[in-house]
Amino acid sequence: MRSIEGVMYQGNAPKGVDPDSIFFVQVDTDKCEACGTCEEVCGTGAIKVINDDEIRQVVDPAACMNCGQCLVNCPYGAIYEGVSYVDELFEKLKDPDTVVVSMPAPAVRYGLGECFGAPTGTYVGGKMHAALRKLGFDYIWDNEFTADVTIMEEGTELIGRVKNAGKEGTLPLPQFTSCCPGWVKFVESFHPELLPHVSTCKSPIGMLGPLAKTYGAQETGTKPKKMYTVSIMPCVAKKYEGMRPEMDDSGQRDIDATINTRELAYMIKKAGINFNSLPDEDPDPVLGESTGAATIFGTSGGVMEAALRLAYEVLSGQKLNDPDIKVVRTHEGIRAADVKVPNFGTVKVAVCSGLSNAQKLCEEVKAGKSPYHFIEIMACPGGCVNGGGQPIDPDVRASLFRSMIAKVNRRYNARKPEA
Amino acid sequence: MKAMKMSRRGFMKACGIMAGYAVLSVNMTKEVFAAAMNMVGMRQKQVYDADAHIYKVRKSQDNPMVQKIYDKKHGFLHDGPCGHKSHHLLHTEYKDRSASIKALKSKGVTLSM
């Protein structure tokens, strides 16, 4: 165990292990103060009281969607991560025979700066690319590029479903997004009958891994076997996604390691890099160049807005002059919107974050009452910027006063006679 | 019943402490959550600011590298979005995982769903 940006991590870098057998997050019972915040924020009820002192733990990996909301909301830092590839990655960066490839997600660049004293949310994309180069990554490819590719694939899929609705062999509407690994495991676990509604597109990182080892290998003249692809995410559940057995379409493992924003900050500090004095640098273009549509994947409503920027132009045959589609921007919870598209009609969409909200929309689709064409779902409230792998909000961690209250609570509950 | 007797002043003090204590412990979860959402709003604002002011191109279909990869003649994905190669590399199938949830429930674990 070691502390990384205020969160404990086990130095466990599994290979060829069934991800369903791993606790990606778990409660350290010695640190748990029995306040119950984790249970409150858990969408599935995976985290439960395990003894008379009201200590909580994740009861089974099958019930946990790995979103990590318990971890980022725990006032006591009592929840740790069970997987960390940091040591292995440092080794690979030193090895001259390994071509190490970076694949950072959009939301990382709105959280990383906080670990170096920047105000909440500061955009540090340029410094992030520079830091990755300094750390010794051979190619600075960027998951934002495949966020754009995702729009092309998922938008085309949606347009197909809409145009051919009702025809035999067409997948049903509404179409759900498939970028969020917490949501995907959720629908697989709790609503398997809705799987035909989920976009067949892999997530952006699910696309960049295999593209790096095929297209990227071809463009750079690198042997795919020598490549080590590193997914850098604001997320815990992406560690699960990277380990899915089916993620080997390139002929190799598509994603060799997954770390999160906190672990990247730790590595930059450990390597002695002065982050704040770094210049702004661009990624390597071929699998790195991206657009505003890609960067907004990091917030609830972003995938929807980016997809609409494409769907509008394809369905109407006209240019979308103002790319801002503010009606789908969603701070938290559920938002429904009608988007008028010339030569087509109305596209009905819903945007949702938080798994208990997702549950409501799933029930609606099952009941045949869902009016929507396209539904975006993110497991974390507000989207990836609030992911389980992002820097901890200092306000969340307990003040002395709060921790004292919780301790009193705990003793009081312990003495309470059987209810 | 002598032990139950309390001065008026003592009674008020005890009430005050109890009320404060009750309110604080109930609100703790809410407070933690509210603090987190405030941070989320700030991060979200920065995302939209970057979209509007930092990124020169704002639609995926206008990304030159996207146009390169889907180029109909020489592109790596020359058969276009949802084409043959895309289906092999970029699309997937999902797995029904409900059996493990059913197994948990039959063991007596109560879940929220």
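Me: What makes P279(A) count as exposed?

Reply: This is a predicted model, where local features need pLDDT of at least 70, side-chain atom pairs count only at pLDDT 80 or more, and totals for chains, interfaces and linings use all residues. Residues are numbered from 1 along each chain as its sequence is written, and chains are lettered from A and ligands numbered from 1 in the order in which they are written. A residue is exposed if 12 or fewer other C-beta atoms, placed from the backbone, lie within 10 Å of its own, buried if 20 or more do, and partly exposed in between. P279(A) has 8 C-beta neighbours inside 10 Å, so P279(A) counts as exposed. P279(A) sits in the loop between α9 and α10 (292-295) of chain A. Its C-alpha atom is 6.0 Å from that of K127(A), 152 residues away along the chain.

Me: Which residues of helix α4 of chain A are called buried?

Reply: Helices are DSSP runs of H or I with at least four residues, strands are runs of E with at least two, and both are numbered from the N terminus. In α4 (residues 125-135) of chain A, the buried residues are G125(A), K127(A), M128(A), H129(A), A130(A), A131(A) and L132(A). They pack against β7 (99-104), β8 (139-140) and α9 (261-270) of chain A. Just after α4(A), G136(A) takes a positive phi of about 105°.

Me: Why are β9 and β12 of chain A said to stand at the edges of their sheet?

Reply: Two strands pair if DSSP finds at least two bridges between them. The open sheet runs β9-β14-β13-β12 (chain A), with mixed pairing. β9 (175-176) and β12 (334-341) each have a single partner strand, so one side of each is left without a neighbour in the sheet.

Me: How do you know that β13 and β14 of chain A pair?

Reply: β13 (residues 345-353) and β14 (residues 374-378) of chain A share five bridges, in the parallel sense. The cut-off is at least two. V351(A) stands opposite E376(A) in β14(A).

Me: How many residues of domain 1 of chain A are in contact with domain 2 of chain A?

Reply: Domain bounds come from an automatic or database domain assignment. They give domain 1 (6-84 + 389-415) and domain 2 (90-145 + 204-292) of chain A. 15 residues of domain 1 are in contact with 17 residues of domain 2. The C-alpha centres of the two domains lie 27 Å apart.

Definitions and conventions:
Contact = placed C-beta atoms within 7 Å.
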